[in-house]
Amino acid sequence: MIEIPNQKANIGFYFHIPFCPHICPYCDFTKTAKFTKKDISLYFDELEEQLIYFIENLKEYYQQDVTIYFGGGTPGLFEASTYQRYFNIINKYFKIEEATLETNPLTNFKRRLIDYRKVGFTRITLGAQSLCPTTLKILGRKHTPQNVIENLAWANSAGFNNIQVDLIYGLRKELRSKTLTQEINELIKYGTTGISAYALTIEQRTLFANTNYSDEENAVNEYLEILKTCTELSLQQVETSNFSMFATKHNNLYWYGRPYIGLGTGAHGLLPQTSDFPFGLRYRIGPSTFTALEAGNDKLIFTDKIERGKNFSIHYENPRTQREYIDEMIFTLLRTPNGIPLSWLDKYITRNDFLEKINKNPKFSRAIEEKNILIFSNHIALSAKEKIRGDLWASDFISLI
């Protein structure tokens, strides 16, 4: 097991809340904007059943630290009291090290943020995506830059000192009327403690499927702009797309290969290692396929108990082999500041042979000389500016094993 720096939790719970006030044209997550009060009630009841089911099979983690994360969809659509029951259950068996709620500037308001803090959330993310009015309009967002600034004031006054704001970059240059540097500086001024920066990707089942709004070359340039700006503002790059004053403890579980329990339709999870499954077991909750109402809007099953059973069935993946585990870990570890620990690699391959292959490879040699790949006595990492090409480098590393 690879140690996660400055963190107690080695397992977490992810709750997927698929309800949205409207469908953003770029979003490819499982979600719906067509639901009733009955749908909501049935869904949250089922989440509780799932949580209890999984907790009963996690006895080895009782009284240990965990993280919890409510993502979506738009979890911030609902009152804090909606989530109280899940905190009550988890607190009975575990200690919560970090509790995150994804929120939307359009649906937040001051009193609700105060209640979220009281119920036990310690961290919020704010789906701003931009402070540029032109960009917001293109992205189909309904809020304004002023809404974002108001949200930050409310969150700070509610007692949140860990506030992560999502930004989207990589649109064609002419579609942006405010620079990312301007946006980030403004966000920090008003109380943001972290930036999650995501490149716009065009997915086929979204409303953006046939558009040309993204620009790969501009994405690289804007990534470097984000990196420079965040570094100057003393935000640490805690992983490729995340810059923050604080660790992102739930997300660390993903990057360092820890188990996480996914709950709710469309959620993915990784069960802990066992003698039968020494590299854990991945699963997904929901029907075998999701049908669409229209582009980006999923038809989810929210009626009687039988249909709900179909919706919340568990689909297990084939157990990972050792090689699949190693390959996956190389992809995720290269996102982190310290990259691949050589002590971890030692368990599976001969370190000296691996380092010799790296040094003899012209592409790697050039990258080392240019300080894009950093080799230390106990780990191999990518430079901050090179992390945007992390998946390509991961494939190259894997080819040498």
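Mentor: One term to begin with: buried means under 20% relative accessible area, exposed over 50%, and partly exposed in between, with a 1.4 Å probe and protein chains only. This is a predicted model, in which local features need pLDDT of at least 70, side-chain atom pairs count only at pLDDT 80 or more, and totals for chains, interfaces and linings use all residues. Residues are numbered from 1 along each chain as its sequence is written, and side-chain values use heavy atoms, leaving out hydrogens and water.

Trainee: OK. Is Ser234 buried or exposed?

Mentor: Ser234 counts as exposed because its relative accessibility is 52%. Its place is the loop between helix H7 (216–232) and strand E7 (236–239). Helices (H or I, at least four residues) and strands (E, at least two) are DSSP runs, numbered from the N terminus.

Trainee: What is phi of Ser234 near?

Mentor: Phi of Ser234 is near 65°, a positive value in a residue other than glycine. Most residues other than glycine have a negative phi, and most peptide bonds are trans. Lys371 also has a positive phi, of about 60°, although it is not a glycine. Lys371 is in the loop between helix H13 (362–369) and strand E16 (373–375), and it counts as exposed at 57% relative accessibility.

Trainee: And which residues does a cis peptide bond join?

Mentor: Gly72 and Gly73, with omega about 15°. Gly73 lies in the loop between strand E2 (65–72) and helix H2 (81–93).

Trainee: Switching topic. Why does Asn251 count as buried?

Mentor: Asn251 counts as buried because its relative accessibility is 16%. Asn251 sits in helix H8 (residues 249–255). Leaving aside residues up to four places away in sequence, Asn251 touches Tyr69 and Asn242; contact means heavy atoms within 4.5 Å.

Trainee: How many helices and strands are in the whole chain?

Mentor: The protein chain has 14 helices and 17 strands. Of its 401 residues, 54% count as buried. Among contacts between residues at least 6 apart in sequence, 74% join residues at least 24 apart.

Trainee: What does the C-alpha trace span?

Mentor: About 65 × 55 × 40 Å along its principal axes.

Trainee: Last one. How far apart are the C-alpha atoms of Ser399 and Asp327?

Mentor: They are separated by 9.6 Å, and the two residues are 72 residues apart along the chain. Ser399 is in helix H14 (residues 390–399) and is exposed, with a relative accessible area of 54%.
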